[in-house]
Amino acid sequence: MQSFTYSMLLDPENKDPFYEKFLLQYSFFSSSNFILYHLADTASEEEIFELFMKPHGCVDDYKRKAMGMAAMMLEDNSPQKNELRGLYLDRLLLDMVKKKISSKQALCSIININEFVMLYATFEGAMKSLFLQKGILDESASLKEKNVIILLENCLGSQKADFLNILKSRSPIPTFNALNEFWLFFTLFRHLFFHSCGNITKKWLTQYSKRKDSLMTALNSSDNIVEIGMIFDTIENLDLIEEQLFYAQDRFVNIFRNYIVRVVESIFILNKDIH
């Protein structure tokens with residue numbers, strides 16, 4: 001995160017509740033991730049590996065809990081204190097050998113995935129609030145992921161062309177179709193993290209291949225050759241192997257972060273110009 005863009009356009013007047021709410025939420029978890037990345041950068045590979053290994057194998061946390069309660073003259077009758085308990089990090093150790101993943105890379109991947117999930121949830125929540133405000137979505141209705149950009153297009157109405165012009169000036173996204181394909185592409189990764197904890201399945205890989213082709217086709221008409229080239233390069237180099245974990249690198253999350261930020265900023269600029 002430290003080596004890429006993460007800032008947002010500031011609104012000194014704070015007159016747009018939609019934008020202010022998103023900015024406050026985004027700023028909190030982005031700054032937290034910045035701190036986590038700084039701590040990971042300053043720690044040595046050996047220190048991070050030792051911290052990973054600390055809970056590996058047998059852990060006596062429940063025994064220590066029982067001792068603490070006994071010191072307060074309280075009785076702990078939980079069966080866990082007499083069980084063999086701990087964590088297994090065999091998967092990580094295997095990947096460190098087979099995939100040459102360092103402990104620092106593994107830690108940064110977890111930070112990246114957490115940021116991705118927060119970005120996705122914050123954007124989805126902001127869109128739902130906007131659709132409710134504009135009467136595009138009923139209060140009792142749920143917002144389906146696949147419909148987010150379609151509903152945004154409907155919400156903009158006659159302002160679609162103006163919004164797209166703003167977005168094109170700030171990003172490599174040339175059309176609403178490309179905007180939608182971007183969202184659907186990253187929604188697939190959201191499903192990967194939520195439904196299989198990052199473990200790649202054959203079914204998911206088949207869906208990914210289709211989404212990847214659709215996204216690249218949709219972006220081909222963009223004039224922003226440099227940024228499109230960087231996006232294509234990042235996607236082509238994603239390490240996606242069946243029955244293995246996906247380790248999310250910084251460049252992957254940076255693409256999604258920029259996508260979210262630029263869409264929200266474009267909505268804000270459009271509303272600001274109107275009012």
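Me: At what angle do helix α5 and helix α8 pack?
Reply: In this predicted model, α5 (residues 103-134) and α8 (residues 176-196) pack at an angle of about 120°. Their axes lie 11 Å apart.

Me: What does that make them, oblique or roughly perpendicular?
Reply: Roughly perpendicular covers 65 to 115 degrees, and α5 and α8 are therefore oblique to each other.

Me: And the crossing, left-handed or right-handed?
Reply: α5 passes α8 in a left-handed crossing.

Me: Which residues meet there?
Reply: From α5, the contact involves Ile-113, Phe-116, Val-117, Tyr-120 and Phe-123. They meet Trp-183, Phe-186, Thr-187, Phe-189, Arg-190, Phe-193 and Phe-194 in α8.

Me: How do the residues of that contact divide by class?
Reply: The contact of α5 with α8 has 10 nonpolar residues, one polar and one charged.

Me: Changing topic: how many cavities of 30 Å³ or more are there?
Reply: The count comes to one cavity of 30 Å³ or more. The largest cavity has a volume of about 30 Å³.

Me: Which residues line the largest cavity?
Reply: The lining consists of Phe-186, Ile-231, Thr-234, Ile-235, Leu-238, Phe-252 and Ile-255.

Me: Which element gives the largest share?
Reply: That is α10, with three residues.

Me: Is the lining of the largest cavity charged or nonpolar, by class?
Reply: Six of its residues are nonpolar and one is polar, with no charged residues.

Me: Where does Phe-186 come in again?
Reply: Phe-186 belongs to α8 and takes part in the contact with α5, and Phe-186 also lines the largest cavity.

Methods. Residues numbered from 1 in each chain as written. Predicted model: local features only at pLDDT ≥ 70, side-chain atom pairs only at ≥ 80, totals over all residues. Heavy atoms only, no water. 1 Å grid on protein atoms, 1.4 Å probe; cavity = no way out; pocket = protein on both sides within 12 Å on 5 of 7 lines; lining within 4 Å. Points joined across faces, edges and corners; volume = space filled by probe spheres on them. Helix = DSSP H or I, 4+ residues; strand = E, 2+ residues; numbered from the N terminus. Nonpolar A, V, L, I, M, F, W, Y, C, P; charged D, E, K, R; others polar. Axes fitted to C-alpha atoms, helices over the stretch in contact; angles between N-to-C directions. Parallel < 35°, antiparallel > 145°, perpendicular 65-115°, else oblique. Left-handed = near helix turned anticlockwise from the far one by under 90°. Contact = heavy atoms within 4.5 Å.
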